[in-house]
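Work through the exercises below with the coordinates open. Each task is followed by a stepwise solution.

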Amino acid sequence: MENFTYYAPTKVVFGRDTVAQTGQLAREFGANKVLVLYGGGSAVKSGLLQRVCDVLTAVGLPYALLGGIQPNPRLSKVYEGIDLGRREGVDFLLAVGGGSVIDTAKAVGYGMANDFDVWELYAKRAQAAACLPIGAVVTIAAAGSEMSNSSVITRDDGLLKRGYSSNLGRPRFAVMDPALTFTLPPYQTASGCVDILMHTMERYFHPGPGAALTDVMAEALMGTVLEKSRILMDTPTDYDARAEVMWAGSLSHNDLFECGTGTHGDWACHQMEHELSGMFDVAHGAGLAAIWGSWARYVLPAAPERFDRFARRVMGVGDCGDPLENGRRGIAAFEAFLSAIRMPVNLRQLGLTPSPTQLDALADSCSYHGGRTIGAIQKLDRADIRRIYQNAL
């Protein structure tokens, strides 16, 4: 096992009716005035936003509101939040929603606490020195942003989607009531489950020998999400299944599955999907599902033993004695699972048929116009990335 540092400072308050504790938690972490960020109309229609506002009022916390945050959150909304937060004199950010809302809160926190354009962070031209404290009331099990150090923002001009990671942006607390996810549409539920799986798989598929305990924990999480996501397709109000998936979402992206492996994982699929959802504005989990099989078959020869282990220990594929063939069977079994929860397994099923010019643009942007490679199992240059996109059609 390699040396590692594990840092997971977020206080998690998990279970039914935990929203009632939100105001006290904000007070506990030093809030004097709160900017409440939320997405579309669901938080309003469900009454959740009003519940959150009521508990803030009950503990004497004034607040301002910033709504309208969309999936693949936009930089323009971040700028709006920074301006509003400064005008209102807020000193705490409360995200009520999923990954897009939490990521926006992180970007607003960086923008308010630093004296340069926040996009400089996402363009990799600056590092944050501070971030306003953030709390989250989680409504979607997917991104795991409530316990992670990362956020992803899309610049409106050119729809360029980029991420930034800093421990300064980790939320101080996360309120997680699985019942809040009961009314999610099946497509959104399935897309979230894929995102959770992929956050684990990006770390699981790495070129090193691994760490025995970390590998086993990752396999257990993946197996649990495979099982519970199937249940939720038929019984969306199964509390226990929702709870298992919600907790898996947090664990999948708080760096737990990097411990002792000596690597941060592969992340090529995420890098390629960011370009897809930047250009076409697709759901992140669905985009990952559409690209994964093409990536997996492309890099399989570079790590057949790791894919063989995934096939046997996660997908339940019997050992045929040939790691390469077993890896192929494991990839096919995972794609069959994706189809079973009505997720796409290629770009056409995602509703995309990129032109050759668009495929070139995706590969150019993902490779920073040939200036970088992506991936860890196999270093992928612009030509490799272009072939994976092409094969995903």
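The model is predicted: local features need pLDDT of at least 70, side-chain atom pairs count only at pLDDT 80 or more, and totals for chains, interfaces and linings use all residues. Residues are numbered from 1 along each chain as its sequence is written, and side-chain values use heavy atoms, without hydrogens and water.

**Exercise 1.** Find the largest nonpolar core and its residues with the most contacts.

Step 1. Take buried (under 20% relative accessible area, 1.4 Å probe, protein chains only) Ala, Val, Leu, Ile, Met, Phe, Trp, Tyr and Cys residues and join them through side-chain atoms within 4.5 Å.
Step 2. The largest such set holds 100 residues, and M272, W292, W295, F307, F310 and F334 have the most contacts inside it.
Step 3. Helix α11 (residues 284–299; a DSSP run of H or I, at least four residues) supplies its largest share, nine residues.
Step 4. A separate core has 22 residues, including A31, V34, F92 and L94.

**Exercise 2.** How far apart are D83 and V108, in sequence and in space?

Step 1. Locate D83 in helix α4 (residues 75–88).
Step 2. The pair is 25 residues apart in sequence and 9.1 Å apart in space, C-alpha to C-alpha.

Note on methods. Buried means under 20% relative accessible area, exposed over 50%, partly exposed in between (1.4 Å probe, protein chains only). Helices (H or I, at least four residues) and strands (E, at least two) are DSSP runs, numbered from the N terminus.
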